[in-house]
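Please consider the structure shown here. The paragraphs that follow lead from its helices to its pockets and then to several individual residues.

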Amino acid sequence: MTEEVIYRQETQDDFQEVFELNGKAFGQQNEAKLVNALRNNLNVFIPELSIVAIKDNAIIGHILFTKINIKNDDKTLNESLALAPMAVLPEFQKNGIGGQLIRRGLETAKQLGYQSVIVLGHEHYYPKFGFEPAEKWNIKAPFDVPSNVFMAIELVKGNLENISGTVIYPKEFETV
């Protein structure tokens, strides 16, 4: 009998396996290196929001949310979260594991008091979880990207109503 998938906070013992998972899921090392770099930036890393999916004692999925800012035109910084990256081993994709990681992450973020999340992702996938184009709130990416793949979600209803501007990602994202 196969075990159910278990979702829990990543621990230090998981780091190498998560690195390998990201490499396999993306077919390159960039995202794996990004996760390692973000973990080392204690200003943006939130241990509770680095979540793994485990089946038969093996890590088959991982999601990471880190702190970002949305800089208003008046230079005010508003804290938000970035969902990136999310990885599921290819042989386990399309089984709802990514969706469970997203739901678990959004719920945990809300419990921790975060009020919004930004994602650069698939236009048909993330809206299933409540993400909408960030341009709805006049929130822009710091780089050129189609508006339908740059999305946001309010964890607290109305939180983004008075926020607009450009997302500032941690410098680690520049390496990807």
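Helices (H or I, at least four residues) and strands (E, at least two) are DSSP runs, numbered from the N terminus. Axes are lines fitted to C-alpha atoms, for helices over the stretch in contact, and angles run from 0 to 180 degrees between N-to-C directions. The model is predicted: local features need pLDDT of at least 70, side-chain atom pairs count only at pLDDT 80 or more, and totals for chains, interfaces and linings use all residues. Residues are numbered from 1 along each chain as its sequence is written, and side-chain values use heavy atoms, with hydrogens and water left out.

The account begins with a pair of helices. Helix H1 (residues 15-26) and helix H2 (residues 30-39) have axes that come within 7 Å and cross at roughly 145°. Their contact (heavy atoms within 4.5 Å) involves Phe 15, Val 18, Phe 19, Asn 22, Gly 23 and Phe 26 on H1, and Glu 31, Ala 32, Lys 33, Val 35, Asn 36 and Arg 39 on H2. Classed by type, this contact of H1 with H2 has 6 nonpolar, 3 polar and 3 charged residues. Here Ala, Val, Leu, Ile, Met, Phe, Trp, Tyr, Cys and Pro count as nonpolar, Asp, Glu, Lys and Arg as charged, and the others, Gly among them, as polar.

Helix H3 comes next. The expected span of a helix is 1.5 Å times one less than its number of residues. For the 15 residues of H3 (residues 97-111) this gives 21 Å, which agrees with the 21 Å between its end C-alpha atoms. The buried residues of H3 (under 20% relative accessible area, with exposed over 50% and partly exposed in between, for a 1.4 Å probe and protein chains only) are Ile 97, Gly 98, Gly 99, Leu 101, Ile 102, Gly 105, Leu 106, Thr 108 and Ala 109. They pack against several strands, including S1 (6-9), S2 (45-55), S3 (58-71) and S4 (77-88). Just after H3, Gly 113 takes a positive phi of about 95°.

The pockets follow. On a 1 Å grid over the protein atoms alone, a pocket is an open set of points where a 1.4 Å probe fits, with protein on both sides within 12 Å along at least five of seven lines; lining residues have an atom within 4 Å of a point. The largest pocket holds about 550 Å³ of space. It is lined by 20 residues, of which Met 86, Val 88, Gln 93, Lys 94 and Tyr 125 are the closest to its centre. This lining divides into 10 nonpolar, 8 polar and 2 charged residues, and H1, S4 and H3 each supply at least two of its residues.

The second largest pocket has a volume of about 380 Å³. Among its 20 lining residues, Leu 34, Ala 84, Leu 120, Phe 173 and Val 176 are the closest to the centre. The lining has 18 nonpolar, no polar and 2 charged residues, and S4 gives the largest share, 5 residues.

Some backbone details remain. Pro 85 lies in strand S4, and the peptide bond from Ala 84 to Pro 85 is cis, with omega near -15°. Lys 75, in the loop between S3 and S4, has a positive phi of about 75° although it is not a glycine. Lys 75 counts as exposed because its relative accessibility is 58%. Asn 138, a residue other than glycine, likewise has a positive phi, near 60°; with 42% relative accessibility, Asn 138 counts as partly exposed.

Terms used. Grid points are joined across faces, edges and corners, and a volume is the space filled by probe spheres set on the points.
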